[in-house]
Amino acid sequence: MSTDTTVVVSGAAVLLPGADTVRALAEGPAAGGAPVEPAEHVGRKGLRYKDRATQLGYCLTASALRDAGLLGDDGLTCAPESVGVVASSNFGNLDTVARALDTLREETVSGTSPMDLPNASSNVIASSAAIRYGLRGPNLMVCNGQTSGLDAVHWAATIIAAGRTDRVLVLGVEPDNDVVRRLLGGARAVDGGAALVLESRPAAEQRSATVRAVLGPYRRSAGEPGPDRGRRWELPAHLGHASGAHGVLQCAAAVGWFDAGERGPVHAVAGAAADDARADLLLMAPEAA
Amino acid sequence: MTMSPIIGMGAVAATGSGVDELFENLCRGRSGRAELRGFDRTRFRAQHAYEVDNRPVPGQDVPGRATELLLDAVGQAAADAGLGEDLSGIPVLVGTGLRELRSLELWWRDGSPFADSGLHFGTGLRERFNADVTHTFSNACSASLYALALGSDLLHQESEDAPDTVIVAGVDVLTESMYGLLERVHPQPPDRVRPFDRNRTGVLMGDGAAAIVLRRTERDAPQVHGRLRGVAVNCDAYHVTAPSPEGIAEAMRSAHRMAGVKPSDVDLVMLHGTGTLLNDEAEATALADVLGDSASGPLMTAVKSMTGHTSGASGLINLIVGVRALNEGRVPPTVGLDDPVEEAAPFRFVTGEAAAGSGRLNVAQLNAFGFGGINAVAIVEGSR
């Protein structure tokens, strides 16, 4: 018996200063955009005690699930077990760790806040999105350096192809704050990110979902990069470091191009010779499904 | 069901370095508990942990210890499997709760050098082993069993470029922030890890790393320590720190289904058993429910009573100790367990001395549950 292990993109979302749609992202966000305000997207309820990355993750999760037709006014429109989460972020909880440490050193353990405990665990972005929206499939946090966002897409596709779940919400998000800026030598991080809904082709067909892109081959390697195999999306320099969100942003931009009628493949690349490896992923227009 | 042979193993924890020493010390009931070795003790109410005693100058912490322990365990496992020191092209999947956040802490407060490329383990694995298909998963305390699930999926892909060998690892060392915040939520400072005991005071962290080499088939394998029959992963989607017995039970049932075993087939359960106030009851409730009439059948133990909570490493440490126990017919005890909680009343805990199983031990269940309600349960069999 041969099973269809093709994985498609059936939803996408973007939140960056200067871009809140995949089309705007694909065209290149303008400089001078206002910072993302999470309460404007998901309301104030439940945001207290959540770090910036988790709040941005909530907004992207809601937006991508809605875009895929999986989230209605009464919650999920599919079985909770059928949705997994794979999130990518390198800087997500660095602010919580640094702040808790400052308190410990300057006061004692009694000065720390118990509300910081969940945020001290780096997987808080992935698990919080699952808790808020009731996503009970596999839940994975990828913190894998520059290639992390494309790696997250790869792992989401892998668990779908293995039959662990029908669909996965992929999140790529990086917050901007003082700790991150010191780590980046004064440069800023994007303070936003992107999300995708990946789905097995049969699962997408069964619910008559609109296919927005088709995933092609992925590779992580330190070897010599090959030639470009499709259109490349470049992150505008004014947005700052995208780090763990970079790969997911490129996939979301590809969806933006395909939505606008582009039919050629898109080649996403993250990491370079100076990093521990580089990752490549090809995305194809919907008719390739 | 897909069966993956385990052809190499490596481990290090407070209780020993190398699988042989670790297993022997655990069987002797030796605990790695000691006074905090690398932090300023005046900042904390709790004073103990289960650390690997490898700092160059006692009392002075140094960056990069998580990477060092990881490279040690991966090196052991690769050598055991005959892979040598060049791991380029071989996927290395690392599960961790805290990445290199301890190095970030030492940079933030004490000025040691650090760059964002040092947060994950790909950089260190590339330098030592030329490894480039490296993945760091930060999945709290179930991280290494989550990594095991992904490694198994990778091996059994229906694709021409599916690898035939995968290395799965887990690692964590204490961070000041996590040690402090964990202590902060306990009414009285935890003194030692006493899993499932009524009088336990809570959880304390431990340092540790573990690695295994998995193969798609047994062809040309230098040896087979055991076989992975299946790993199930899910998410409670319930609470950021409190576990859900229903979510845990579902992960266990799903693991049994994937592995093709019935509750009565399970001979040994390597419990997650953190000694945390809420968790042990949740684990016991779920396990008693899933095992049903067979709840008194398998031997059970929680080695965190001697290693402390090694977080991201703990699932794979359980796997390695469990495989060894199946093959040798000896199970390390749960130290400090005198009076089990009511939820665990039906269980056959190993206490006091290492138990030599009365019959053959064939199948072990391994549990790992993490913050955010992320559950992973694996089923392995020995090679005896």
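## Interface between chains A and B

In this predicted model, 52 residues of chain A are in contact with 54 residues of chain B, contact meaning that C-beta atoms placed from the backbone lie within 7 Å. Helix H4 (94-106), helix H5 (124-133), strand E5 (139-142), helix H6 (148-161) and strand E8 (213-221) of chain A each supply at least two residues to the side that touches chain B. H4(A) gives the most, with seven residues. Helices (H or I, at least four residues) and strands (E, at least two) are DSSP runs numbered from the N terminus.

## Helix H6 of chain B

In helix H6 (residues 176-184) of chain B, nine of nine residues are buried; a buried residue has 20 or more other C-beta atoms within 10 Å of its own, with C-beta atoms placed from the backbone. The buried residues of H6(B) pack against H4 of chain A, and also against strand E4 (48-49) and helix H3 (101-110) of chain B.

## Chain A

Chain A contains nine helices and ten strands, and buried residues account for 58% of its 289 residues. Its C-alpha trace spans about 60 × 45 × 35 Å along the principal axes. A:Ala252 touches A:Ala12, A:Val14, A:Val22, A:Leu25, A:Ala194 and A:Leu196, leaving aside residues up to four places away in sequence.

## Conventions

Residues are numbered from 1 along each chain as its sequence is written, and chains are lettered from A and ligands numbered from 1 in the order in which they are written. Local features need pLDDT of at least 70, side-chain atom pairs count only at pLDDT 80 or more, and totals for chains, interfaces and linings use all residues.

Conventions
Two residues are in contact if their C-beta atoms, placed from the backbone, lie within 7 Å. A residue is buried if 20 or more other C-beta atoms lie within 10 Å of its own, exposed if 12 or fewer, and partly exposed in between; C-beta atoms are placed from the backbone.
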